Structure formats: C-alpha cells, structure tokens
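Hi,

Here is the structure I promised to pass on. Have a look at it first, and then read on for what turned up.

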Amino acid sequence: MQKPQLLVPVMATPNGTLVHPAYFLLVGIPGLGPNIHFWLAFPLCFMYAVATLGNLAIVLIIRVERRLHEPMYLFLAMLSTIDLVLSSVTMPKMASLFLTGIQEIGFNVCLAQMFLIHSLSAMESAVLLAMAFDRFVAICHPLRHASVLTGPTVAKIGLAALTRGFVFFFPLPFILKRLSYCRTHTVTHSFCLHQDIMKLSCTDTMVNVVYGLFIILSVMGVDSLFIGFSYILILKTVLELSSQGAALKAFNTCISHLCAVLVFYVPLIGLSVVHRLGGPTSLLHVIMANIYLLLPPVVNPMVYGAKTKEIRSRVLHMFSQGGK
C-alpha cells in the first residue's frame, strides 16, 4: 500500500505556507534493533494487562462496596480511572510498534495522543493533591473531616481536576498546528509528547516554550508544592502525638499515597530537568519518559492493594470464591 505524501501544505499565512507532515515516525527505544523491540512487546503487554486488571478491580470494588464510599477511596477510584485511560492511550500503541515495527502515526492522531497524555497527567496530579488534602484533614483536623470532605465536595474536586486538565492543555494541539514542520519527522519516543513534536518544527517555537513552561509550573509545580506543604503539616502533627503507636498508625495511612506521589513526581521532575537542559533527545530522555508514563498505572494498584486492608481483603475474597 502506498504511503501518504509526507509533507502536506496546509494553508497560506502572512509568514508563508504552513507545512504539516501526513504522519510522524515513532522510534521506540533508540539503539535497540527490531528483534529486541519485538521481545520487549511481551513484557509491555503483561504490564498493560496488570495495569488494566488492577485499576479496573479497584474501581469496581470501590463501586460495589458502599462502606468504601469515603473520600480516600473515592479519590483512589478517580486515580485508578485516570491510570486506566492513560495506560490505554500509551501501551497498546507501543506494543503495536514493538511487535510490527510499523512506525507511522498520523499527524492528528499524534496530536490527540499528546493532548490526552498531558491532560490525564495533570488530572492525576490534581487527584494526588486532593488525596494529600484528605490525609491532612483526617490527621490534623479529624473532627472536621466528615464535614469538610462531604460527598458533593469530593465530586466538585473531581470535576475541578477534570476541567483543569482539559482547559490548560486544550491549546497545545492548536499551538503545534500553527508551526511548520520541514525537518526530520521522527519522534524519538514510543508516543507523542509536546516537547518532542515542538522540536521538529523549523519555525519559531517561543510561544510553545513559554506556554509549556507556564503550564508545567502552574499545574504540576503548584500541586507538588502543596503536597509537600501538606506532608510537612502532617509530619508536624504526627510528631506531636503522645503515643508512638498512634503516631505510627496515623502515618501508616499515608504510606500508599506517598508511594504514588513519588512514583509520579520523581520521573516527572527528572524528565522535565533533562528536557530543559536542552540538546538532542537521548536514551536518558526516553527511559525517563517511559518510567513516567508506564510505571504509575502498574505500581499504584499493587501499592494500594497491598497497603489498603479493605481492598486487599475484598480481592482475596474474590480469589477464594473463584477457587471454589
């Protein structure tokens, strides 16, 4: 089958004619041959299965068990839903790339994937912040927890996270479409990210750079600062508890959330740093991006399943019923 023409003139502007590629080429992991890529597809499919089953199980358990309809578990259901969608946006396309070696991804499809990846990441960041606030109120102001985090309040927080992720990142595809692409059309990852597509343009990308830096600081940057501040207050309250057992019990309720925060933010910060340092995209960029996008959907269900007694007991009960 004949491939579409690579460069497509789009429209005439005062600065010249915009040129968009018909498709981009995804690299996968630079330096690895087709044979290694082929075998990497199998653990990737396994990771996708684990992420899908784990997150789906958490959502369904929280949906069915009415005693789990509390703020902490409702936020966890939101987190699992976001991870479920995020893994479905990235992993199947990666597995297809590794298995078949077909690198082409349509220009508009690439922009749509890019938007979903960034907006879902912003939603996950907002939910992690909401979970930190829930732990802060539960530990520092336990008597006010039920009155502060009511059902309608939790629903409004979830809607705010969804709206913010959509609104802040909705302009990204449009400011990428205003660029012309006349350099190489190879995206040096297994998926589409704003920074990589922007680097392929041969026109001025100052708007993209400024807006990209603005949203990463005002969304993930602000969220991480508030999460850190919440845990400083939590730690202060825990250390003031007279009973060591009560202090350990209080802080133990935060372990799962702390793991989720570290799994999300450490690779994100590392990826932002290596991108801001400039230079050509290296193997380090690719590894950090893969960890940032692929690890949380797989790890979060395991951590919450192991550390949350109610979810763990429900899963064990399901397996014991299935074995009879």
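Which residues does UniProt list for "transmembrane region"? The entry, an unreviewed one, gives 36–61, 73–91, 111–133, 154–176, 209–234, 255–277 and 283–304. Do keep in mind that what you have open is a predicted model.

I looked at two of those stretches in the model. Residues 73–91 come out as 100% helix and 0% strand, with 26 Å between the C-alpha atoms at the two ends. Residues 111–133 are likewise 100% helix and 0% strand, and there the end C-alpha atoms are 33 Å apart.

Next, how the helices pack. Two packed helices are described by the angle between their axes and the distance between the axes. Take helix H1 (residues 34–64) and helix H11 (residues 283–307): their axes come within 8 Å and cross at roughly 45°. H1 and H11 are therefore oblique to each other, and their crossing is left-handed. On the H1 side the contact is made by Leu-44, Met-47, Val-50, Ala-51, Gly-54, Asn-55 and Ile-58, while H11 brings Leu-294, Pro-297, Val-298, Pro-301, Met-302 and Tyr-304. Sorted by class, that contact has eleven nonpolar and two polar residues, and no charged ones.

The other pair is helix H3 (residues 107–140) with helix H5 (residues 151–169). Their axes also come within 8 Å, crossing at roughly 145°, and this crossing is right-handed. From H3 the contact includes Phe-115, His-118, Ser-119 and Ala-122, and from H5 it includes Ile-157, Ala-161, Arg-164 and Phe-169.

Arg-164 is worth a click. It is in helix H5, and beyond its neighbours within four places in sequence it is in contact with Ala-122, Ser-125, Ala-126, Val-219 and Asp-223. Arg-164 and Val-219 are 55 residues apart along the chain, yet 8.6 Å separates their C-alpha atoms.

Finally, the aromatics: how many aromatic pairs does the structure hold? There are 15. One of them is Phe-24 with Tyr-181, an edge-to-face pair at 5.9 Å centre to centre and 80° between the planes. This pair links distant parts of the chain, 157 residues apart: Phe-24 is in strand E3 (residues 23–26), and Tyr-181 is in the loop between helix H6 (171–177) and strand E5 (186–187).

Cheers

Notes
Residues are numbered from 1 along each chain as its sequence is written. This is a predicted model: local features need pLDDT of at least 70, side-chain atom pairs count only at pLDDT 80 or more; totals for chains, interfaces and linings use all residues. Side-chain values use heavy atoms; hydrogens and water are left out. UniProt positions are given in the numbering used here, feature names are shortened, and annotations may be inferred rather than shown by experiment. Helices (H or I, at least four residues) and strands (E, at least two) are DSSP runs, numbered from the N terminus. Axes are lines fitted to C-alpha atoms, for helices over the stretch in contact, and angles run from 0 to 180 degrees between N-to-C directions. Angles under 35 degrees count as roughly parallel, over 145 as roughly antiparallel, 65 to 115 as roughly perpendicular and the rest as oblique. A crossing is left-handed if the near helix is turned anticlockwise from the far one by less than a right angle, and right-handed if clockwise. Contact means heavy atoms within 4.5 Å. Ala, Val, Leu, Ile, Met, Phe, Trp, Tyr, Cys and Pro count as nonpolar, Asp, Glu, Lys and Arg as charged, and the others, Gly among them, as polar. Rings of Phe, Tyr and Trp (its six-membered ring) pair if their centres lie within 6.5 Å; planes under 30 degrees apart count as stacked, over 60 as edge-to-face and the rest as tilted.
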